[in-house]
Amino acid sequence: MEVGAGAAIGTALAVGLGALGAGIGDGLATFSAVQAVARQPEARGTIFTTMFIGIGLIEALPIIGVVIAFMLFGKIG
């Protein structure tokens with residue numbers, strides 16, 4: 001397999017799997033936060049603050065995947 005073909009496959013996997021994982025993680029975090037607010041409405045501010053911090057960390061994965069994709073994309077050609 002050529003380096004360019006491997007880089008193209010790696011680029012697609014880095015972006016695709018990163019987005020898939022982040023989507024699942026965001027959904028689970030939001031689901032859990034909504035459940036927690038339904039159980040304890042008075043803790044809404046703390047729960048949502050923690051949720052947004054967690055989602056920010058989850059979103060770091062696809063950003064790193066895109067950076068890796070750009071690095072691999074430079075090897076194509």
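A: What follows is a walk along helix H1 and its packing partners.

First, the ground rules: this is a predicted model, so local features need pLDDT of at least 70 and side-chain atom pairs count only at pLDDT 80 or more, while totals for chains, interfaces and linings use all residues. Residues are numbered from 1 along each chain as its sequence is written, and side-chain values use heavy atoms, with hydrogens and water left out.

H1 covers residues 3-39, which is 37 residues. Helices here are DSSP runs (H or I, at least four residues; strands are E, at least two), numbered from the N terminus. From its first C-alpha to its last, H1 reaches 53 Å, close to the 54 Å expected at 1.5 Å a residue; that expected span is 1.5 Å times one less than the number of residues.

Now for what's tucked away. The buried residues of H1 include Gly4, Ala7, Gly10, Ala14, Gly18, Asp26 and Val37, where buried means under 20% relative accessible area, exposed over 50%, and partly exposed in between (1.4 Å probe, protein chains only). H2 and H3 are among what covers them.

Take H3 (residues 60-73). Its axis comes within 8 Å of that of H1, and the two cross at roughly 170 degrees. Axes are lines fitted to C-alpha atoms, for helices over the stretch in contact, and angles run from 0 to 180 degrees between N-to-C directions. That makes H1 roughly antiparallel to H3 (over 145 degrees; under 35 is roughly parallel, 65 to 115 roughly perpendicular, the rest oblique). On the H1 side, the residues meeting H3 include Gly10, Thr11, Ala14 and Gly18, and among those they meet are Gly65, Ala69, Leu72 and Phe73. Contact means heavy atoms within 4.5 Å. By class, this contact has 12 nonpolar, 4 polar and no charged residues; Ala, Val, Leu, Ile, Met, Phe, Trp, Tyr, Cys and Pro count as nonpolar, Asp, Glu, Lys and Arg as charged, and the others, Gly among them, as polar.

Thr11 is worth a stop here. With 15% relative accessibility, Thr11 counts as buried. Setting aside neighbours within four places in sequence, Thr11 touches Ala69, Leu72, Phe73 and Ile76. Ile76 turns up again with Gly6 of H1: their C-alpha atoms are 8.7 Å apart, though 70 residues separate them along the chain. Gly6 is partly exposed, at 30% relative accessible area.

On to H2 (residues 44-58). H1 and H2 pack at about 175 degrees with axes 10 Å apart, so H1 is roughly antiparallel to H2 as well. Here Ala22, Gly25, Asp26, Ala29, Thr30, Ala33, Ala36 and Val37 of H1 meet Arg44, Ile47, Phe48, Met51, Ile55 and Ile58 of H2. This contact has 10 nonpolar, 2 polar and 2 charged residues.

The ring centres of Phe48 and Phe52 are 6.5 Å apart and the planes sit at 35 degrees, so the pair is tilted (rings of Phe, Tyr and Trp, its six-membered ring, pair if their centres lie within 6.5 Å; under 30 degrees is stacked, over 60 edge-to-face, the rest tilted). Phe48 is partly exposed at 22%, whereas Phe52 is exposed at 57%.
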